[in-house]
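Colleague: I would like to know what stands behind the labels used for this model. Please go through them one by one.

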Amino acid sequence: MASRTKLIYQHHQELRQHLSKVLSISPVAALPPSDQSLLKNASEEDYALITDETIFYVQGGGQPSDTGTISTSSSSTSSSTESEAPSKSTFEVTAVRHPAAGGAILHFGRFNPTSQPSLKVGDEIQQSIDGAKRDHYSRLHTAGHILGLAINALMHDGTLPSTLVESKASHYPDSAAVEFVGLIDSKHLAAIQKKTDEFVASARKVSIHWWSMEKLRKDCLGVGDEFELPEGETEGRVVEMDGLGAYPCGGTHVATCDQVGKVEVRKIARSKGVSRVSYRVA
């Protein structure tokens with residue numbers, strides 16, 4: 001079984017290209033059923049590639065995975081002999097997932113132009129992510145936390161009920177929203193928009209930290225009783241909007257609050273005691 005993949009983006013989310021090595025390549029059909037199910041409608045042309053390190057964001061935490069390409073690095077190409085001319089095909093990454101067990105990240109995709117693997121175990125490869133897509137996802141993720149902080153601020157000043165409990169969020173482009181247990185009346189949409197605009201305009205720094213569980217529970221919002229650190233970890237990754245608040249978060253983010261652009265609070269939907277506040281970024 002391949003070793004754990006190091007998540008480079010958690011410490012260096014600014015990277016758009018990165019050199020790493022291939023640990024495993026296999027057809028999706030050869031994976032355990034629990035991992036095959038991670039890629040819908042897979043065909044015989046779909047493969048799963050595992051690397052020792054990755055800058056591809058792994059789907060989770062309400063954020064979609066990165067897409068991009070993996071190809072033979074220039075150093076690997078230059079070391080090839082004329083009789084071993086390197087293949088020109090590229091592995092096009094369409095989805096990145098955590099496996100059902102273990103920490104070897106699965107990069108799903110296809111080889112182009114050939115359907116056969118043009119990489120082998122041990123190859124040094126160049127990872128390249130779709131930068132425009134990453135930037136959009138980062139804006140959405142930071143915007144979601146800013147919206148959550150705005151609602152929390154309105155709870156504290158008495159505009160919204162203090163009994164609201166932040167539960168979960170989605171930062172997908174077509175379904176971005178934050179959810180609170182409790183009822184938020186639609187009449188408060190304008191106040192939420194105003195506070196969100198204020199926090200965006202503040203241009204506060206957005207920082208990534210690694211905090212102990214004690215500090216995380218003390219200083220972060222959105223930490224329920226069920227929250228736990230990954231097995232073997234002693235510190236949790238945190239995103240902090242300076243002076244506004246912090247959340248435990250494994251996602252990617254912009255550098256300052258104003259970089260999210262215009263955040264439009266679209267509507268407030270209520271169902272079964274939960275209020276869902278949807279948003280989008282322009």
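**Contacts, burial and the pocket**

Modeller: Leaving aside residues up to four places away in sequence, Gly 148 touches Glu 166, Phe 180 and Tyr 247. The model is a predicted one.

Colleague: What makes these count as contacts?

Modeller: Contact means heavy atoms within 4.5 Å.

Colleague: Why is Gly 148 called buried?

Modeller: Buried means under 20% relative accessible area. Gly 148 has 0% relative accessibility, so the residue counts as buried. Gly 148 is part of helix H3.

Colleague: Why is Ser 65 also called buried?

Modeller: The cut-off is under 20%, and Ser 65 is at 7% relative accessibility, so Ser 65 counts as buried. Ser 65 is in the loop between strand E4 (53–54) and strand E5 (68–72). Its contacts, not counting residues up to four places away in sequence, include Tyr 57, Ala 95, Val 96 and Tyr 137.

Colleague: Which strand gives the most to the lining of the largest pocket?

Modeller: E9 does, with four residues. Helix H3 (131–156) and strand E13 (245–248) are among the elements that each supply at least two. The pocket holds about 1400 Å³ of space. Of its 45 lining residues, those closest to the centre are Gln 10, Phe 227, Pro 230, Cys 249 and Gly 250.

Technical notes:
Residues numbered from 1 in each chain as written. Predicted model: local features only at pLDDT ≥ 70, side-chain atom pairs only at ≥ 80, totals over all residues. Heavy atoms only, no water. 1 Å grid on protein atoms, 1.4 Å probe; cavity = no way out; pocket = protein on both sides within 12 Å on 5 of 7 lines; lining within 4 Å. Points joined across faces, edges and corners; volume = space filled by probe spheres on them. Buried < 20%, exposed > 50% of the residue type's maximum accessible area, 1.4 Å probe, protein only.
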